[in-house]
Amino acid sequence: MNDLAGKHIVLGLTGGIACYKAAELCRALVKEGATVQVVMTEAAGQFITPVTMQALSNRSVYGSQWDAREANNMAHINLSREADAILIAPCSADFMAKLLHGRADELLSLMCLARPIAEVPLLIAPAMNREMWAHPATQRNVAQLKADGAHVFDVGSGEQACGEVGDGRMLEPDELLAEVVAFFQPKSLLGQRVLVTAGPTYEAIDPVRGITNLSSGKMGFAIARAAHEAGAEVTLVAGPVHLATPRGVRRIDVKSAQNMHQAVMEQAPDATIFIATAAVADWRPASAAEQKIKKDGTGQAPALAFVENPDILAGVAQSERARGGALYCVGFAAESHDLLANAQVKRARKGVPLLVGNIGPATFGQDDNALLLVDEHRAVELPRADKLTLARQLVAEIARRLGHAA
Ligand code: CTP
């Protein structure tokens, strides 16, 4: 992916052991397509050298407002005018206090104060000892910085450099990268609550065997991420898959279609959008044996009886909230042929305003896919792309249909 292509980020480092993570973060931002200009405070230089940051950003590092390299001698103005965002990572407790008071006695704080506040967002990744983080002064500063328009990221929790355990660690480089990428996405689903189902289901035959399918869950997880990036509150009901939960998404793990049905019915009353990407098993064994079914020596296979699972999507789509327009339902259709005709029929049968068709064998387990969006009026093709790109396009299409295009 090149999610930050064309973005110029000023990466500010302040004094803290988390400076070692800033090196990896800088590399990750560059890899994602951004250009990165590093600015360091004197204290940051105690933890990591400008040489390291220069090598990773491929630009010489700034550290002083008296830097004579700038023809007009105004590094604070020049650097902040070029930026699409200023990201302070790590941001120490002391530096937050400085920002809060509009202090400007060295280059980084001077540049933050001098930035055009409406055009250059200030992103802050705090990093400090747990007592410093929990201190009322710091919490007051965080609240005020947010009120002043800064975007303050969460902190991580766990073991700290001082040996103590608690909140205050800087987020990991990959987490911060995801936050920065999300920050730049259009907020087309702000205020929406999105419920997504993803992955296969597992229908037990006995304690050691069951019936499942080849769905990887990747498309549903990508949609959950894209909806969160677009500003929605997202709940993801996931069948058995080995995928990391997208940042900021609430995940409920389930196994069988009945578990998934129950979880969805509990969550749906709070949702405003329901997106059913799960490959739900249509049938389950009528009764799962309590003990492993053994060969009985006759050479005869055991006879399995099946019963149909509830249709989760159709059930939600028939609810009063969905029929009244308070819950917008989106279905998926995994077909093997005649995609358009099958998708149109399925949309009508499921009673949903939007159905997304894809060719099952071409998508299961793959990192990319192609989609066909079928609504009451027309069919729109989203050509083959990676699943996150498609998920973002789908989110934009849903927002447009809800009249919330960003
Ligand atoms: N779905 C569901 N609950 C089920 C079966 C399907 O919520 N018990 C949802 C899927 O998540 C998907 C849509 O319904 O959004 C279509 O699923 P699909 O398996 O393609 O369709 P089926 O209803 O099984 O129809 P068919 O057997 O004709 O393929």
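In the predicted model, the C-alpha centres of domain 1 and domain 2 are separated by 40 Å, the domain assignment placing domain 1 at residues 8-184 and domain 2 at residues 193-402. Seven residues from domain 1 and four residues from domain 2 take part in the contact. About 440 Å² is buried between domain 1 and domain 2, with carbon and sulfur atoms contributing 50% of this area. On the side of domain 1, the greatest losses of area to domain 2 fall on A178, V181 and A182, which together account for 62% of what that side buries.

The side of domain 1 that touches domain 2 comprises four nonpolar and three charged residues, with no polar residue. A salt bridge also joins the side chains of E179 and R247, with an N to O distance of 2.8 Å.

Several features of the backbone were also noted. The peptide bond from A89 to P90 is cis, its omega lying near 0 degrees, and P90 belongs to strand β3, which spans residues 85-91. In the loop between α2 (50-57) and α3 (75-82), N58 adopts a positive phi, near 65 degrees, although the residue is not glycine; because its relative accessibility is 69%, above the 50% cut-off, N58 counts as exposed. N73, which lies in the loop between α2 and α3, likewise has a positive phi, near 60 degrees, and with a relative accessible area of 39% N73 is partly exposed.

Technical notes
Residues numbered from 1 in each chain as written. Predicted model: local features only at pLDDT ≥ 70, side-chain atom pairs only at ≥ 80, totals over all residues. Heavy atoms only, no water. Domains from an automatic or database assignment. Contact = heavy atoms within 4.5 Å. Buried area = accessible area lost by both parts, 1.4 Å probe. Salt bridge = Lys/Arg side-chain N within 4 Å of Asp/Glu carboxyl O. Nonpolar A, V, L, I, M, F, W, Y, C, P; charged D, E, K, R; others polar. Helix = DSSP H or I, 4+ residues; strand = E, 2+ residues; numbered from the N terminus. Buried < 20%, exposed > 50% of the residue type's maximum accessible area, 1.4 Å probe, protein only.
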